[in-house]
Amino acid sequence: AAGSSLSRSTLEPPHMQQPVFSLTISSPTNIALIKYWGKRDAKINLPINSSVSVTLNQRDLRTVTTVSASRSFSRDRLWLNGEEEDVNASRRVLAVFREVRARAGDLRDPKTGQVLVRKDEWDGLRVWVVSENNFPTAAGLASSAAGYAALTFALSKLYGLPDSLADELSCIARMGSGSACRSLAGGFVAWDMGQRADGVDSRARQVADEAHWPELQVLVLVVSDTKKTVSSTAGMQTSVDTSPLLAHRAAAVVPGRLAEMEAAYQSRDFGKVAELMMRDSNQFHATCLDTYPPVFYMNDASRAIVRMVHALNEAAGETVCGYTFDAGPNAVLLTLKRHLPTVLAAANTHFPPKRPVEATLASESLLAALKSTPLPPKLSSLYPLAPMRGAVSYIYHTDVGPGAMLLPDSESLAGEDGTPLRLAAPAASPPHQKLLLAAIAIAAGCVALKVARK
């Protein structure tokens with residue numbers, strides 16, 4: 001790749017005899033506008049319906065993953081946000097490793113083309129993975145999608161998989177976490193459910209790239225950054241087993257809604273996109289309520305945000321905002337650039353966050369617009385509730401961005417020996433410290449492949 005670099009450590013003690021090959025990538029989270037809920041095959045994550053999502057900009061929300069391989073490593077290891085996880089305890093992690101390794105090719109120096117590891121040599125090397133999120137894990141912000149997309153993409157680059165295997169890579173990411181296949185690509189991405197039992201046709205498809213609709217803006221209202229009590233995997237299986245509404249939704253509602261959503265996004269019809277995403281979010285959470293016993297992901301603050309958005313649209317005399325909630329209480333609001341100050345002002349006024357927006361919004365111009373933007377006069381009568389101060393922890397602003405990408409060596413999370421540069425403190429860190437573990441700035445994508453002697 002143009003601009004790629006290969007560097008060798010100049011600090012090589014005599015005992016460092018085996019090379020360590022490493023690279024670093026980043027992967028975005030995605031937010032489903034038409035959601036999948038339920039699997040027809042849980043082992044390889046085959047959904048009961050297709051879905052579509054927008055990929056969020058990695059400038060704001062991303063997973064960064066460094067993978068290192070060496071003959072000196074005795075076993076595979078994985079660190080997530082500074083804490084070591086048992087690789088062998090996760091069937092999904094093992095599946096990603098297995099499927100990527102089965103397709104391994106030669107690892108080459110991106111500048112010279114020199115073969116660094118031949119295809120038949122990979123069996124003698126083990127891999128260490130260091131991964132960090134700069135957003136809450138397991139809180140309903142698709143952290144598993146970003147994480148497994150990052151793991152799949154990083155391993156594919158390390159093991160020399162060619163770009164021609166993109167469809168297969170999508171299927172491998174899906175085995176880790178269903179929606180991870182959508183995080184490999186940027187923009188507006190569909191996950192076609194497929195029909196085959198082996199899942200080879202259940203993969204992601206980019207409908208429009210990140211440049212298609214630059215006016216589209218995203219606000220994330222983090223109501224809770226704690227791990228949810230019912231995981232998505234457990235919740236959707238219970239829904240499949242017990243909810244008649246879910247079966248009706250998958251068969252009779254989603255196919256037509258997906259077609260409408262793709263057409264609306266392609267034509268940049270914001271009013272239609274907002275309506276469809278809100279209707280789908282409402283129906284998804286209705287299926288959770290129809291599950292027996294019911295599964296609750298939204299809370300009082302979530303429901304108040306829903307009411308506020310509808311009141312804001314009515315007060316504005318047009319649709320200026322749409323909401324969606326994944327399997328968690330956090331709200332993702334879609335709007336357009338011209339409406340962003342108004343939507344942000346409404347959210348900040350009625351749900352003043354624990355961390356003020358001045359601490360979480362990077363745009364000085366947006367902060368200035370926020371201070372000078374009045375709310376629609378009718379909003380106070382349509383939404384007369386008192387502000388829920390502290391119900392929202394913080395507010396992110398982002399937009400639609402690209403898919404998984406390679407990062408330069410300066411973004412590496414591991415030292416020359418493959419060990420993490422940062423480890424979690426013994427005591428629990430405050431949530432805001434965890435959010436800042438990974439760098440927010442994103443560098444120009446280039447292959448960063450380093451060789452160190454160990």
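View 1. The protein chain as a whole averages 89, and 88% of the residues score at least 70. Since this is a predicted model, local features need pLDDT of at least 70 and side-chain atom pairs count only at pLDDT 80 or more, while totals for chains, interfaces and linings use all residues. Numbering runs from 1 along each chain as its sequence is written, and side-chain values use heavy atoms, with hydrogens and water left out.

View 2. Leu33 sits in strand 3 (residues 30–34); strands are DSSP runs of E, at least two residues, and helices are runs of H or I, at least four, numbered from the N terminus. Leu33 is buried at 0% relative accessible area, where buried is under 20%, exposed over 50% and partly exposed in between (1.4 Å probe, protein chains only). Beyond four places in sequence, its contacts include Val52, Val54, Phe188, Met261 and Leu334. Phe325 is 292 residues away in sequence, but the C-alpha atoms are 9.1 Å apart.

View 3. Lys35 is in the loop between strands 3 and 4 and Asp326 in the loop between strands 16 and 17, so the pair ties together parts 291 residues apart in sequence. Lys35 and Asp326 are both buried.

View 4. Asp167 pairs with Arg203, closest N and O atoms 3.6 Å apart, linking helix 3 (residues 166–176) to strand 14. Asp167 is partly exposed at 42%, and so is Arg203 at 29%. Arg205 pairs with Glu262 at 3.0 Å, which connects strand 14 with helix 6 (residues 244–266).

View 5. Asn134 lies in the loop between strand 12 (126–133) and helix 2 (143–158) and is buried at 1%. Its side chain reaches the backbone nitrogen of Arg62 at 2.8 Å. Ser202, in the loop between strands 13 and 14, is buried at 0%. Among its contacts beyond four places in sequence are Leu46, Pro47, Cys171 and Trp191.

Key: Polar contact = N/O pair within 3.5 Å; in protein donor to acceptor, adjacent residues only side chain to side chain. Contact = heavy atoms within 4.5 Å. pLDDT = per-residue confidence, 0-100. Salt bridge = Lys/Arg side-chain N within 4 Å of Asp/Glu carboxyl O.
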